[in-house]
Amino acid sequence: MLYARNCWYVAGWSYQVETGQPFPMQILGDRLVLFRTSSGQMVALEDRCVHRLAPLSLGRCEGEGLRCMYHGMLFDAAGTVIEIPGQSLIPPNAKVRSYPVVERDSWIWVWMGDAAAADEAAIPRSRSLDDPDYILRHGWLDYDAEAQLINDNLLDFSHLSFVHANSFNLGADPAATQAKVTQLENGIRYARWMEGLPTNGAGLPDTPADSFMGYDFLIPGVLVMNISSWPLGTAAKLDYAEPADHSRAFRDCTFSGQAVTPMADRKARYFFSIGPHRNQGDETIADLMFKMVETAFDEDKRMIEAQQKVIDETPDMRIMPTAHDRTVTMFNAKVARLARGDAQARESALA
Amino acid sequence: MLYARNCWYVAGWSYQVETGQPFPMQILGDRLVLFRTSSGQMVALEDRCVHRLAPLSLGRCEGEGLRCMYHGMLFDAAGTVIEIPGQSLIPPNAKVRSYPVVERDSWIWVWMGDAAAADEAAIPRSRSLDDPDYILRHGWLDYDAEAQLINDNLLDFSHLSFVHANSFNLGADPAATQAKVTQLENGIRYARWMEGLPTNGAGLPDTPADSFMGYDFLIPGVLVMNISSWPLGTAAKLDYAEPADHSRAFRDCTFSGQAVTPMADRKARYFFSIGPHRNQGDETIADLMFKMVETAFDEDKRMIEAQQKVIDETPDMRIMPTAHDRTVTMFNAKVARLARGDAQARESALA
Amino acid sequence: MLYARNCWYVAGWSYQVETGQPFPMQILGDRLVLFRTSSGQMVALEDRCVHRLAPLSLGRCEGEGLRCMYHGMLFDAAGTVIEIPGQSLIPPNAKVRSYPVVERDSWIWVWMGDAAAADEAAIPRSRSLDDPDYILRHGWLDYDAEAQLINDNLLDFSHLSFVHANSFNLGADPAATQAKVTQLENGIRYARWMEGLPTNGAGLPDTPADSFMGYDFLIPGVLVMNISSWPLGTAAKLDYAEPADHSRAFRDCTFSGQAVTPMADRKARYFFSIGPHRNQGDETIADLMFKMVETAFDEDKRMIEAQQKVIDETPDMRIMPTAHDRTVTMFNAKVARLARGDAQARESALA
């Protein structure tokens with residue numbers, strides 16, 4: 001599978017990295033250690049001591065630095081060794097790679113490419129877990145599968161009619177008709193009206209409504225979704241455009257932020273938050289919604305991990321794209337273009 | 001290891017594939033999905049959707065077809081896609097491989113080779129679980145070992161004196177002397193008289209008797225065995241020929257049908273039934289006999305899986321055949337000949 | 001990693017191999033079966049029957065021999081087949097490799113190289129578990145890591161200040177200053193005085209003392225250690241030389257014998273004994289000391305197995321040796337020299 005390096009990947013929820021407690025993570029095969037220094041700075045270093053390759057994530061936070069707890073090398077926040085026990089001289093190349101890291105919208109974002117090219121403006125925007133307008137639940141799942149297969153899943157919502165036939169209970173619509181899809185510079189935009197949908201945002205039978213579901217799916221694998229339900233006839237009245245203000249919906253105004261991080265070959269972590277707008281839901285509805293979503297995400301995981309196993313045993317992997325795969329193809333082409341850019345940047349740097 | 005494709009393999013017990021419930025199986029590395037349609041037809045398809053390679057065994061039976069539950073492709077019993085949600089055109093090559101399949105003697109038999117060459121007459125005959133003459137118990141075991149090692153085990157009963165020294169309790173005879181072995185077109189025939197055997201068919205001490213044990217071992221790996229015990233002197237009186245009618249024995253008339261299916265590298269499934277003739281045993285004896293056999297089959301599995309591990313770590317695998325290995329050599333030569341025939345058939349088809 | 005074959009490896013504690021019970025072990029990738037014959041002889045054979053490669057460790061001890069319990073080949077203590085059931089002729093090459101084996105100091109030592117070169121005088125000396133002067137506890141741990149990483153750990157005691165910061169509680173000293181290291185023909189000798197150490201040999205706060213810790217680390221991976229504590233000022237008075245008689249110490253006179261055996265790739269077994277001199281400790285102190293050591297050895301295992309994982313994922317393994325690594329470098333150079341000698345011996349044997 002093909003991934004780009006010159007972009008921001010979610011390494012975890014901000015609260016997962018506590019002051020004084022090194023946090024191991026793997027992204028694109030690189031082992032990272034994240035830690036928060038005494039002064040509160042978030043740091044991401046290569047998780048591999050220069051001395052004998054012990055993981056720094058088994059180390060000890062000391063002030064603004066991190067000490068390897070095998071033989072005691074002390075690293076500063078830039079990854080430079082600043083103390084070698086029993087030895088006064090420190091070799092100038094005694095350092096590990098340091099990764100640009102930013103905390104935003106409750107996520108820790110790590111730039112995996114050339115540090116000089118790191119641009120915070122390229123971080124996709126989601127909503128914080130403490131967003132004042134929404135009651136958000138959150139979690140994460142580890143997959144024994146390629147991140148790209150999870151991206152593909154999220155880019156083709158026709159699977160809602162089958163994988164989630166019982167959990168989301170949306171009927172044939174997501175598969176039977178095409179959504180409105182537009183290209184974004186850094187991803188794609190998906191928009192669908194389901195007219196006369198007989199269930200509400202918690203998947204329960206309710207007054208039929210016109211229900212809108214739309215998301216941006218952004219490089220490298222971030223989904224930012226809004227859902228809202230409106231009186232019958234609204235879809236046609238709006239000419240099937242996205243509602244201007246979801247919070248003014250009839251009911252079901254819901255936000256979900258999701259991110260897929262490729263950890264290593266056939267290994268990925270899937271982060272997600274979801275919840276109702278405070279005007280249109282309460283803690284009980286947030287719980288019901290999250291329970292439904294957890295069921296649905298287990299359904300995805302079961303299918304995708306099984307798909308990965310079949311792929312692994314299929315020497316000549318041919319797929320047969322359908323009309324719904326247009327979004328998958330669009331997005332993966334953007335990723336491929338960015339990944340090729342990475343390769344060219346490396347080549348011109350070497351030339 | 002070498003296996004032939006142009007033959008019938010046991011995929012399961014007939015009752016394991018219930019109407020409406022797809023059943024996954026692996027044979028010779030191919031992933032299959034078996035299902036029974038509404039009209040009762042047994043179907044075996046490649047377990048890999050043409051769209052994005054999800055397993056069809058996670059799908060849903062619909063009438064005479066099977067629907068992939070990832071994005072909803074519907075397949076008919078011949079493996080042809082007959083519906084793609086959200087798309088009217090169906091590409092002509094949208095089909096998966098369909099395998100000839102037959103139910104006989106309580107087993108599901110799948111032909112793994114060229115479908116045009118599938119010949120039902122080549123299916124080895126065993127006895128159904130509901131055979132009116134026998135009280136049969138049955139089961140299966142999954143091995144982390146090559147099917148051929150299990151075949152080899154079943155082709156050389158000298159192991160009964162050692163692996164099953166305590167369970168079958170047959171003494172030195174099976175290893176100390178040679179059985180009478182004859183060639184069959186599709187396998188070998190093994191016949192042994194044990195004179196004055198002091199145990200009965202449930203492995204318990206009993207009046208000494210002349211006991212006959214004989215089996216056909218048939219391509220690709222099917223054992224069909226008859227046992228019967230007779231008054232002392234019978235073996236010599238019959239000049240060590242097989243008794244004409246086992247059901248007229250003194251006691252212990254027993255049938256066993258067994259089949260070994262190579263699933264993938266170092267992975268095999270071993271199916272077995274065993275039980276006394278109704279004239280010579282009852283449910284209690286059937287239970288005792290099956291308990292003994294389950295113990296013995298666990299002994300085989302422990303030895304063969306350990307043997308497989310040693311083989312895996314032995315770069316230059318030389319074996320030292322003994323006199324008892326004659327049957328092993330005979331049978332494997334027949335399999336090799338058939339497998340070579342497969343290869344030649346492929347070549348002339350391509351020429 | 002690089003290991004020498006022409007040396008003695010610990011295969012187990014002597015008592016682990018009971019008369020009549022075959023004992024499987026792996027050394028340098030070779031599968032061995034050890035057994036003790038009726039007359040008490042310890043035997044080490046290749047654990048792989050010549051017939052069909054079943055493991056002999058699933059076999060049955062018979063007198064001075066071992067019978068394979070698959071099809072009954074009987075081997076004598078030299079590894080020669082002396083009986084094949086159902087066959088009178090025994091091929092002259094029907095034998096498995098036999099390894100020189102010696103029991104000494106409660107350990108079973110196996111020579112993995114050219115049998116003609118096996119020299120019992122090269123076996124490192126430790127102390128028996130029933131040594132009259134010491135109360136020894138013992139155990140072993142299996143590592144998912146290369147033996148060499150455990151050797152490296154034992155050759156650089158600067159890790160005591162970090163890995164065992166809480167368990168051994170020795171402070172900064174082992175890392176902050178260099179020990180006195182001397183070369184031995186078959187290893188290295190390490191000696192360190194810790195002046196004014198405020199803890200005793202069980203890791204508990206006690207009257208400050210000058211504490212000596214010294215060990216020989218011998219090819220292929222055997223540590224023989226003495227510890228003793230003396231009145232303040234003793235270290236300087238002895239000019240930092242090793243005390244002549246540890247048993248005359250103030251307190252804490254302790255012995256530990258340890259051995260690291262490479263089993264296979266990333267697989268090693270670590271044997272250890274430790275305990276106080278009878279004059280300076282009792283069963284309670286022996287228990288306290290062993291409990292501390294078990295905690296510490298778990299700390300080592302956690303660090304080294306994590307280090308192994310990082311190494312496995314590091315394509316270009318560069319390390320950055322420190323001043324403390326002098327002993328590691330010395331010792332590994334000796335092993336490399338011996339291993340090269342093995343290769344040359346093989347070559348001249350073939351020439």
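Biologist: Which residue is the bridge partner of B:Leu223 in strand 17 of chain B?

Modeller: B:Leu223 is partnered by B:Gln258 of strand 17. The model is a predicted one, and this pairing is read from it.

Biologist: What makes strand 16 and strand 17 of chain B a pair?

Modeller: The cut-off is at least two bridges between the strands. Strand 16, residues 222–230 of chain B, has seven bridges to strand 17 of chain B. Seven meets the cut-off, so the two count as paired. They run antiparallel.

Biologist: How many bridges does strand 17 of chain B have with strand 18?

Modeller: There are 10, again in the antiparallel sense, and strand 18 of chain B covers residues 267–276. Within strand 18 of chain B, B:Ile274 is the residue opposite B:Ser256. Strands 17 and 18 of chain B form a hairpin with two residues between them, where B:Arg266 has a positive phi near 55°.

Biologist: How do you know that strand 17 of chain B is mostly covered?

Modeller: Of its 14 residues, 13 are buried. A residue is called buried when its relative accessible area is under 20%.

Biologist: Why is B:Ser273 called buried?

Modeller: Its relative accessibility is 1%, and the limit is 20%. The value falls under the limit, so B:Ser273 is buried. B:Ser273 sits in strand 18 of chain B. Leaving aside residues up to four places away in sequence, B:Ser273 touches several others, including B:Trp13, B:Leu129, B:His138 and B:Phe255.

Biologist: Now the charged pairs. Why is the contact between B:Asp206 and B:Arg251 called a salt bridge?

Modeller: The term needs a side-chain nitrogen of Lys or Arg within 4 Å of a carboxyl oxygen of Asp or Glu. Here the N to O distance is 3.5 Å. That is within the limit, so the pair qualifies. B:Asp206 belongs to strand 15 of chain B and B:Arg251 to strand 17 of chain B, 45 residues apart, and the pair links these distant parts of the chain.

Biologist: Are the two partners buried or partly exposed?

Modeller: B:Arg251 has a relative accessible area of 12% and is buried. B:Asp206 has 30% relative accessibility and counts as partly exposed.

Biologist: What about B:Glu62 and B:Arg60, and how far apart are the closest N and O atoms?

Modeller: They are 2.9 Å apart, and the two residues form a salt bridge. B:Glu62 is partly exposed at 24%, and B:Arg60 is partly exposed at 36%.

Biologist: How many salt bridges are there over all chains?

Modeller: A search of the whole structure gives 69. One of them joins A:Arg192 to A:Asp173, at 2.9 Å from N to O. A:Arg192 is in strand 14 (residues 187–199) of chain A and A:Asp173 in helix 2 (residues 173–176) of chain A, so this bridge ties together parts 19 residues apart in sequence. A:Arg192 is buried at 3% relative accessible area, while A:Asp173 is partly exposed at 26%.

Biologist: Which residue is the bridge partner of A:Arg192 in strand 15 of chain A?

Modeller: A:Met213 is its partner there. Strands 14 and 15 of chain A pair over 10 bridges in the antiparallel sense. They form a hairpin with five residues between them, and A:Gly203 in the turn has a positive phi of about 80°.

Biologist: Why is strand 15 of chain A called largely enclosed?

Modeller: 10 of its 14 residues are buried, so the rest of the structure largely encloses strand 15 of chain A. On to its pairing with strand 16 of chain A: nine bridges, antiparallel. A:Asp216 and A:Val224 are bridge partners in that pair, and three residues connect the two strands in a hairpin.

Biologist: What pLDDT does chain A average?

Modeller: The average is 95, and 98% of the residues score at least 70. For the complex, the predictor gives an ipTM of 0.94 and a pTM of 0.94.

Technical notes:
Residues numbered from 1 in each chain as written. Chains lettered and ligands numbered in written order. Heavy atoms only, no water. pLDDT = per-residue confidence, 0-100. Helix = DSSP H or I, 4+ residues; strand = E, 2+ residues; numbered from the N terminus. Buried < 20%, exposed > 50% of the residue type's maximum accessible area, 1.4 Å probe, protein only. Contact = heavy atoms within 4.5 Å.
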